[in-house]
Amino acid sequence: MPDPNRLIIFDTTLRDGEQSPGASMTKDEKVRIARQLERLRVDVIEAGFAAASPGDFEAIRAIAAAVRESTICSLSRANDRDIARAAEALQPAARKRIHTFIATSPLHMQMKLRMEPEQVLEQAKLAIRYARNHTDDIEFSPEDGSRSEEDFLCRVLETVIAEGATTINFPDTVGYAVPEEFGMRIRRLRERVPNSDKAVWSVHCHNDLGLAVANSLAGVAIGGARQIECTINGLGERAGNTALEEVVMALRTRADYYKLAVGIDTTQIVPASKMVSQITGFAVQPNKAVVGANAFAHASGIHQDGILKARETYEIMRAEDVGWTANKIVLGKLSGRNAFKTRLQELGIELESELEVNAAFARFKELADRKAEIFDEDIMALVSSEEQDHESEHYRFVSLAQRSETGEMPHARVVFCIEGKEFVCEGTGDGPVDAVVNAIESQVSSGAELLLFSINAISGGAQSQGEVTVRLSRSGRIVNGVGADPDIIVASAKAYISGLNKLYSKVERVNPQL
Ligand code: KIV
Ligand code: ZN
């Protein structure tokens, strides 16, 4: 059994995180995030749900081949087909885990599965028996655990442990739990299940009531769980999951209370947060704990005075310990290909071929001609857009001319390619962004609804590139498009086109929990 004073960090950004509407990622993007999670030293990376789609399968396989230090896990429903698919995708992994689940609450069993409790129990048992043919590292989750009946849970959990489940993950699937009750529930289950000491107990909390982090910590402190499932920036279904950065920093800052070790390299937290936000288009709110732009900013005079006298007066963590660094000018117009390539390596960005490095370098030169100072964030945005184009380039932005004047209706002329053929289109609108969208739509008639438009400065300051995120919806499918450029209207056009590309690529995915 693992050390009882060590807490396992299980990251599910690439699986539960990706279940957030619009957060779907390409294979290359997932591999980049997985490499960053490895640098962060998470113990287990849930890389996806192999049976969801061929794309998910391929991404898990690529991550299993690329990552050597962390255990790689695939989710699977409790059936042989899903489990076999997970095992196949995990085949190249140095260390692999199969995570299988089935719902155990009366509501889910009756309404969703239409199964009797005895059938659910039998299916859980057979799933673990089958998974044992593929690996010894097996996790089981009774879905909707916090609304399941305790006597039934005890029977299911005892059975799956007897069959060989090595981790019991207790999910608060709908974010219904409150901390003391949740912690006590896990404690009682561990006391009542006779073979509970043969498995590591884990918690998996959703944030519908804003309690995911508190519930996870109660599961550890009161319940004795020794694994926390979490995501970067708290990404996840609906209101999201437990935020990795928050639980890890709570455990570390209050080590006097929790007395548990975690293996995380906390200086990699902010780079991981920025990468996930840039790739998914889910911006981090400024007042978000640990990774928000204001998390270490002190505006009031009294606080600033205190900090100058003794930092501990108002700071419980040090910004540099979680990876905040002052924006550094890393490269400029005169930087050569080698310097650029070295910086990519330092940022952990591994482009697959020299051709890709050349393409990224050409984009870098283009940017450096227009922007004197290039920061790490600029390089990351540049690589993200390179990868997006590479994966799904049905539409490609070429150029834009735009005119706005007080009292006049804004006008835009956009040049872009559809499958390599160039089109020029014009439009007017209430504002310059509206004019750009109307110009593009006059050609593509996508039928998409614009649900969200947001703009952020990538590196701060008026010279910063603007990073625009758009969320588009069509026939119930939601996607996010991201675009960056020193000209925010161009960034808007790029983001809109990136969203259209995602809508165009018809990836059919099964949601494991439906
Ligand atoms: O929230 C949930 O119940 C899940 C399970 C698959 C663990 O994500
Ligand atoms: Zn979940």
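## A residue in helix α6

Leaving aside its neighbours within four places in sequence, which residues is Thr159 in contact with? In this predicted model, Thr159 touches Leu121 and Lys125 once those sequence neighbours are set aside. Thr159 itself belongs to helix α6, which covers residues 150-163.

A distance can also be given for Thr159 and Glu122. These two residues are 37 residues apart along the chain, and their C-alpha atoms are separated by 9.0 Å.

## The barrel

Eight strands make a closed barrel, and their order is β1-β2-β3-β4-β5-β6-β7-β8. The pairing in this barrel is parallel. From one strand to the next, the twist averages 25°.

One of the pairings can be followed in detail. Strand β2 (residues 44-49) runs parallel to strand β3 (residues 71-77), and five bridges join the two. Within this pairing, Val44 has Thr71 of β3 opposite.

## Helices lying across barrel strands

Two helices, α7 and α8, can be described by the strands that they lie across. Helix α7, made of residues 179-192, lies across β6 (167-172) and β7 (200-205). The direction of α7 is at about 155° to β7.

Helix α8 spans residues 212-221 and lies across β6, β7 and β8 (227-230). The angle of α8 to β7 is about 165°.

## An aromatic pair

How many aromatic pairs does the structure hold? There are six aromatic pairs. A pair of aromatic rings is described by the distance of the centres and the angle of the planes. For Phe170 and Phe182, the ring centres are 5.7 Å apart and the planes stand at 40°, so this pair is tilted. An angle under 30 degrees would count as stacked and one over 60 as edge-to-face.

Phe170 is part of strand β6, while Phe182 is part of helix α7, so the pair ties together parts that are twelve residues apart in sequence.

## Helices α1 and α11

Helix α1 consists of residues 27-39 and helix α11 of residues 269-280. Their axes come within 10 Å and cross at roughly 170°. Angles over 145 degrees count as roughly antiparallel, and α1 and α11 are therefore roughly antiparallel to each other. Their crossing is left-handed.

On the α1 side, the contact is made by Glu29, Arg32, Ile33, Gln36 and Arg39. On the α11 side, the residues are Pro271, Ala272, Met275, Val276 and Ile279. Sorted by class, this contact of α1 with α11 has six nonpolar residues, one polar residue and three charged residues.

## Helices α8 and α9

Helix α8 also meets helix α9, which runs over residues 244-253. The axes of α8 and α9 come within 10 Å, with a crossing angle of roughly 45°. That angle makes α8 oblique to α9. The crossing of these two helices is right-handed.

Val213, Ser216 and Leu217 of α8 make the contact with Glu246, Val247, Ala250 and Leu251 of α9. By class, the contact of α8 with α9 has five nonpolar, one polar and one charged residues.

## Helices α2 and α3

Is helix α2 roughly parallel or oblique to helix α3? The axes of α2 (residues 54-66) and α3 (residues 80-89) come within 8 Å and cross at roughly 40°. Because of this angle, α2 is oblique to α3. The cut-off for roughly parallel is an angle under 35 degrees.

From α2, the residues in the contact are Pro54, Phe57, Ile60, Arg61 and Ala64. From α3, they are Arg85, Glu88 and Ala89. The contact of α2 with α3 has five nonpolar and three charged residues, and no polar ones.

## The open sheet

An open sheet is formed by three strands in the order β12-β13-β14, with antiparallel pairing. The edges are held by β12 (449-457) and β14 (477-485). Each of these has a single partner strand, so one side of each is left without a neighbour in the sheet. With direction ignored, neighbouring strands of the sheet are turned by 15° against each other on average.

Strand β13, residues 466-474, pairs with β14 over nine bridges in the antiparallel sense. Opposite Thr469 stands Val482 in β14. Helix α17 (residues 488-504) packs on the sheet and touches β12, β13 and β14. The direction of α17 makes about 145° with that of β14.

Technical notes: Residues are numbered from 1 along each chain as its sequence is written. Chains are lettered from A and ligands numbered from 1 in the order in which they are written. This is a predicted model: local features need pLDDT of at least 70, side-chain atom pairs count only at pLDDT 80 or more; totals for chains, interfaces and linings use all residues. Side-chain values use heavy atoms; hydrogens and water are left out. Axes are lines fitted to C-alpha atoms, for helices over the stretch in contact, and angles run from 0 to 180 degrees between N-to-C directions. Helices (H or I, at least four residues) and strands (E, at least two) are DSSP runs, numbered from the N terminus. Angles under 35 degrees count as roughly parallel, over 145 as roughly antiparallel, 65 to 115 as roughly perpendicular and the rest as oblique. A crossing is left-handed if the near helix is turned anticlockwise from the far one by less than a right angle, and right-handed if clockwise. Contact means heavy atoms within 4.5 Å. Ala, Val, Leu, Ile, Met, Phe, Trp, Tyr, Cys and Pro count as nonpolar, Asp, Glu, Lys and Arg as charged, and the others, Gly among them, as polar. Two strands pair if DSSP finds at least two bridges between them. Rings of Phe, Tyr and Trp (its six-membered ring) pair if their centres lie within 6.5 Å; planes under 30 degrees apart count as stacked, over 60 as edge-to-face and the rest as tilted.
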